[in-house]
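Here is a short briefing to read with the structure open beside you. Have a look at the model first, and then we can go through it topic by topic.

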Amino acid sequence: NISGEFKNNSVMAYGYWAEGGAIGAVDGSIGDINANFSNNYAQANNGLAMGGAIAVVTSYYGNMIGNFAGNYAKGSDAYGGAIFLTSDSRVKPTTISGTFSGNYALATGDSWSRAYGGAIYNMSEIGSIKSQNISGNKAISTDDSAMGGFLYGNELSNVKNISGNIYNNLAQGKSAEGGAIY
């Protein structure tokens with residue numbers, strides 16, 4: 001299990017990818033996360049940025065409980081301003097709960113740059129997302145597509161229940177879909 005405050009942590013890559021500004025979990029089990037995350041980021045110049053606060057690849061079981069504010073993923077492509085969850089069958093958080101405000105995914109590539117999930121990029125199965133406040137999250141692409149100002153899910157994802165106040169989220173790009181949820 002992981003608990004505490006995570007502020008101003010970062011990963012920066014000058015190519016390929018950067019994942020998990022505060023927590024990058026690959027191949028293992030970390031249990032529950034009960035923490036607050038603010039101003040963490042994953043930045044990949046000329047690459048893919050994933051999970052400004054948390055990136056989970058083939059490892060997570062349990063719940064994520066906490067507040068996520070001002071976290072971001074910035075790169076040629078950017079997925080999950082606060083949380084990135086992969087499609088591996090072991091990555092199945094039961095509940096994600098807390099507030100999500102001011103998180104963003106910013107894609108700045110020259111061509112085909114994609115910004116997916118201003119707060120959460122999900123390719124997994126989530127039991128429920130519960131929040132009192134989901135606001136001001138953004139997925140922005142300077143050149144191509146933006147999807148899911150708050151939450152992006154693809155054909156591999158499944159979220160069984162979403163509850164809370166969801167407002168003032170944005171998806172912006174040459175093509176854009178799902179201001180709050182895609």
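N39 sits in the loop that runs between β5 (33-38) and β6 (41-50). Please keep in mind that this is a predicted model. In it, the phi of N39 is near 55°, a positive value in a residue other than glycine.

**Loop residues with positive phi**

- As background, most residues other than glycine have a negative phi.
- N39 has a relative accessibility of 41%, so this residue counts as partly exposed.
- N8 also has a positive phi, near 60°, and is likewise a residue other than glycine.
- You will find N8 in the loop between β1 (2-7) and β2 (10-13).
- N8 is exposed, because its relative accessible area is 57% and the cut-off for exposed is over 50%.

**The parallel sheet**

- Five strands make up an open sheet with parallel pairing, in the order β4-β7-β11-β16-β21.
- At the edges are β4 (23-26) and β21, each of which pairs on one side only.
- From one strand to the next, the twist averages 5°.
- β16 and β21 run parallel and are joined by 3 bridges.
- In general, strands of a sheet pair through backbone hydrogen bonds, either parallel or antiparallel.

**Aromatic pairs**

- How many aromatic pairs does a search of the whole structure find? The search finds 13.
- Among them, Y79 and Y121 have ring centres 4.6 Å apart and planes at 10°, so this pair is stacked.
- Y79 belongs to strand β10 (residues 72-79) and Y121 to strand β16 (residues 120-122), so their pairing ties together parts that are 42 residues apart in sequence.
- Are Y79 and Y121 buried or exposed? Both are buried.
- Y152 and Y182 form another stacked aromatic pair, with 5.5 Å from centre to centre and 5° between the planes.
- Because Y152 lies in strand β21 (residues 151-153) and Y182 in the segment after β25 (175-177), this pair ties together parts that are 30 residues apart in sequence.
- Y152 has a relative accessibility of 8% and therefore counts as buried, whereas Y182 is partly exposed, with a relative accessible area of 37%.
- Ring pairs also link these tyrosines into a cluster made up of Y79, F84, Y116, Y121, Y152 and Y182.

**A buried serine, S141**

- S141 is located in strand β19 (residues 138-141).
- Why does S141 count as buried? Its relative accessibility is 6%, and the cut-off for buried is under 20%.
- A polar atom of the S141 side chain lies 2.7 Å from the backbone oxygen of S113.
- The side chain of S141 also reaches the backbone nitrogen of D143, at 3.3 Å.
- Which residues is S141 in contact with, leaving aside neighbours within four places in sequence? They are A107, S113, R114, A115, A146, Q172 and G173.

How values were computed: Residues numbered from 1 in each chain as written. Predicted model: local features only at pLDDT ≥ 70, side-chain atom pairs only at ≥ 80, totals over all residues. Heavy atoms only, no water. Helix = DSSP H or I, 4+ residues; strand = E, 2+ residues; numbered from the N terminus. Buried < 20%, exposed > 50% of the residue type's maximum accessible area, 1.4 Å probe, protein only. Polar contact = N/O pair within 3.5 Å; in protein donor to acceptor, adjacent residues only side chain to side chain. Contact = heavy atoms within 4.5 Å. Phe/Tyr/Trp six-rings, centres within 6.5 Å; stacked < 30°, edge-to-face > 60°. Pairing = 2+ DSSP bridges. Axes fitted to C-alpha atoms, helices over the stretch in contact; angles between N-to-C directions.
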